[in-house]
Amino acid sequence: MRIVTTVAEMQSVCRELRMRGSVLGFVPTMGALHEGHLSLVRRARSECDAVVASIFVNPLQFAPGEDFAKYPRTFEADCRSLEAERVDVLFAPDAAEMYPNGSVTTVTVSEVGDRLDGASRPGHFTGVATVVAKLFHVIGPTRAYFGQKDAAQLAVLRQMVRDLNFDVELVGCAIVRDTDGLALSSRNKYLSAIEREHALVLHRTLRQLERIIVEGERQSITLIRRGMESLHAVPGVQVDYLAIVDTNTLLPVTSADTGTLVAVAAYVGRTRLIDNFIVG
């Protein structure tokens with residue numbers, strides 16, 4: 001696996017891959033890799049000729065007081081994991097390389113970027129869209145792979161790709177869970193043993209709502225009420241949102257019809273976790 005740290009070298013490497021006619025798959029990450037990230041790499045490996053991953057903890061998507069400084073950084077272990085999955089190139093720039101002195105341009109995806117996590121974390125999706133746009137320009141991938149756990153992020157990036165005419169296919173991949181159902185996340189490392197037990201209420205509530213929908217209840221107001229009762233029953237869990245929305249626009253819908261996104265975000269202790277499912 002080749003490790004590249006500068007934009008100029010990365011552009012050169014990817015240009016050469018594209019000139020060979022390679023279908024180029026890209027998996028952007030912030031490191032602290034887990035099985036969820038590696039599932040994206042495997043999907044890219046199965047569908048593409050060459051696979052590029054990136055590790056960059058993007059300061060632009062952290063608001064003041066969020067966990068940028070303590071965000072887990074496990075670069076050497078991450079490299080071993082990516083090499084084992086036969087990643088061809090790892091792009092690992094530092095902040096000065098991605099945002100040199102004098103950088104002032106950002107990418108803001110209005111409306112959709114202000115909903116769900118965008119409403120709870122103002123400016124977050126501007127940071128995400130800016131860094132992903134820059135990575136797309138540097139790498140020029142054929143396909144880029146993102147986890148469905150970050151459903152709001154995926155909606156924002158799809159809007160950005162449409163609006164800015166990026167020649168890239170965004171591939172959303174299924175949520176990977178631990179054996180107890182908790183969605184894998186780098187932030188799970190912050191949870192104490194009791195907090196981790198409490199965190200299971202997110203997935204448990206979503207499964208409950210799935211069953212209720214299968215049984216015939218589709219009204220969003222009823223589903224949200226039932227879900228909030230479940231979430232509030234667990235101590236130490238502070239709900240940020242429980243929402244039933246259009247998957248693309250993230251606007252609320254009155255009925256949980258097929259294709260609708262049911263999403264939850266909550267603080268368990270001081271750790272913010274998210275989870276979701278799409279009504280099928």
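The model is predicted, so local features need pLDDT of at least 70 and side-chain atom pairs count only at pLDDT 80 or more, while totals for chains, interfaces and linings use all residues. Residues are numbered from 1 along each chain as its sequence is written, and side-chain values use heavy atoms, with hydrogens and water left out.

Starting with the overall picture, the chain has nine helices and nine strands (DSSP runs numbered from the N terminus, with H or I over at least four residues for helices and E over at least two for strands). The radius of gyration is 19 Å, close to the 19 Å that the globule rule gives for 280 residues, so the chain is as compact as a globular protein of that length. Here the radius is taken over C-alpha atoms, and the rule is 2.2 Å times the number of residues to the power 0.38. Along the principal axes, the C-alpha trace spans about 55 × 40 × 40 Å. Of the 280 residues, 53% count as buried (under 20% relative accessible area, with exposed over 50% and partly exposed in between, using a 1.4 Å probe and protein chains only).

Next come the pockets. On a 1 Å grid over the protein atoms alone, a pocket is an open set of points where a 1.4 Å probe fits, with protein on both sides within 12 Å along at least five of seven lines; lining residues have an atom within 4 Å of a point. A volume is the space filled by probe spheres set on the points, which are joined across faces, edges and corners. The largest pocket holds about 1100 Å³ of space. It is lined by 50 residues, and the closest to its centre are Met 30, Gln 61, Tyr 71, Asp 150 and Arg 187. Helix α6 gives the most to this lining, with six residues. By class, the lining has 23 nonpolar, 17 polar and 10 charged residues (Ala, Val, Leu, Ile, Met, Phe, Trp, Tyr, Cys and Pro count as nonpolar, Asp, Glu, Lys and Arg as charged, and the others, Gly among them, as polar).

The second largest pocket has a volume of about 180 Å³, and its lining divides into five nonpolar, five polar and one charged residue. Among the lining residues are Leu 60, Tyr 99, Lys 134 and His 137. His 137 is 130 residues from Val 7 in sequence, yet the two are 9.9 Å apart in space, C-alpha to C-alpha. Val 7 is found in helix α1 (residues 7–19) and counts as buried because its relative accessibility is 19%.

As for the rings, the structure holds five aromatic pairs (rings of Phe, Tyr and Trp, the last by its six-membered ring, with centres within 6.5 Å; planes under 30 degrees apart are stacked, over 60 edge-to-face and the rest tilted). Phe 62 and Phe 68 form an edge-to-face pair, 5.4 Å centre to centre with 65° between the planes. Phe 62 is buried at 11% relative accessible area, whereas Phe 68 is partly exposed at 31%. Phe 136 and Phe 166 also pair edge-to-face, at 5.5 Å and 75°. That pair links distant parts of the chain, 30 residues apart: Phe 136 is in helix α6 (residues 124–139), and Phe 166 is in the loop between α7 (151–164) and β6 (169–173).

The charged end of Arg 73 sits over Phe 68, 5.0 Å from the ring centre, and Lys 70 lies over the face of Tyr 190, at 4.9 Å.

Notes:
Lys NZ or Arg CZ within 6 Å of the ring centre and 35° of its normal.
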